[in-house]
Amino acid sequence: MQVAESQTEPRTLKTHLPFSSFKPGLIDTCKVVFVMRHPKDAVLSYQHHCRLIKSQGFVSTQDVFVKYFVEDMLLWGSYGNIVKEAMKVKSHPNMHIMYYEDMKADIGAELRRLNDFLGTKLTAKQLKNVEEYTSFSTMKKNDPIKMMSTVGFCNEDVAQKDGGFIRNGQTGAWKSELTKEQDALMDKYIAENFDDPELKARY
């Protein structure tokens, strides 16, 4: 928060924290872009992150990680709660929800929607530049794992075996990577936490 306070407006801040971690009424004073991913893909991505980053230090099995995830026992708290809080203000004019799956399906359309929401008035060429700069191939090329490795921030064994910070950028990996038992636990978690009609239609 000290870094944020030191910046001059307009500011762009990125966080994994829920709305309840901030001053009440935040949504009335700034624009919020909330990015959401299928919970079953999110749990796998989060697991890789916790194995890769030394300060997270997760070394157990996927069974254990999924259990921690559905019981809201991980460091960054409950994914379900973060989403619930966001969906409560989904109709607010300052709220813009983006789904990872939609971005993968048609990033151009999603960037145009974001451009309209932010009022940035980027041209078609500028939007194309954003699309190229934020593409998986470009981000993979600029994977921060290279910088992280020099300061001992990441687990090199995990990075070599399973990939760096930018791993595969796909949707639906859970279909082949979750066991039937893990999938069932996630189904129960989704039913209990993603009860908004819009989310039910997706997940």
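Start with helix α4, residues 62–70. This is a predicted model. Which residues of α4 are buried? Phe-65, Val-66, Phe-69 and Val-70. Look down the axis of α4: these buried residues fall within an arc of 130 degrees, so they line one face of the helix. An α-helix has 3.6 residues a turn, so residues three or four places apart point the same way.

What covers that face? The cover of the buried residues includes α3 (39–52), α5 and α13 (180–193).

Now the aromatics. Searching the whole structure gives seven aromatic pairs. Take Tyr-46 with Phe-65. Their ring centres are 5.6 Å apart and their planes stand at 90 degrees, so this pair is edge-to-face. Tyr-46 sits in α3 and Phe-65 in α4, so the pair ties together parts that are 19 residues apart in sequence. Both residues are buried.

Next, Phe-69 with Tyr-79. Here the centres are 6.3 Å apart and the planes are at 50 degrees, so the pair is tilted. Phe-69 belongs to α4 and Tyr-79 to α5, so this contact ties together parts 10 residues apart in sequence. Phe-69 and Tyr-79 are both buried. They also belong to one aromatic cluster, together with Tyr-189, Phe-194 and Tyr-203.

Now leave the helix. After α4 comes Asp-72, with a positive phi near 55 degrees. Leu-75 lies in the loop between α4 and α5 (79–87). Buried or exposed? Leu-75 has 63% relative accessibility, so it counts as exposed.

Terms used
Residues are numbered from 1 along each chain as its sequence is written. This is a predicted model: local features need pLDDT of at least 70, side-chain atom pairs count only at pLDDT 80 or more; totals for chains, interfaces and linings use all residues. Side-chain values use heavy atoms; hydrogens and water are left out. Helices (H or I, at least four residues) and strands (E, at least two) are DSSP runs, numbered from the N terminus. Buried means under 20% relative accessible area, exposed over 50%, partly exposed in between (1.4 Å probe, protein chains only). The arc is that of the directions from the helix axis to the C-beta atoms. Contact means heavy atoms within 4.5 Å. Rings of Phe, Tyr and Trp (its six-membered ring) pair if their centres lie within 6.5 Å; planes under 30 degrees apart count as stacked, over 60 as edge-to-face and the rest as tilted.
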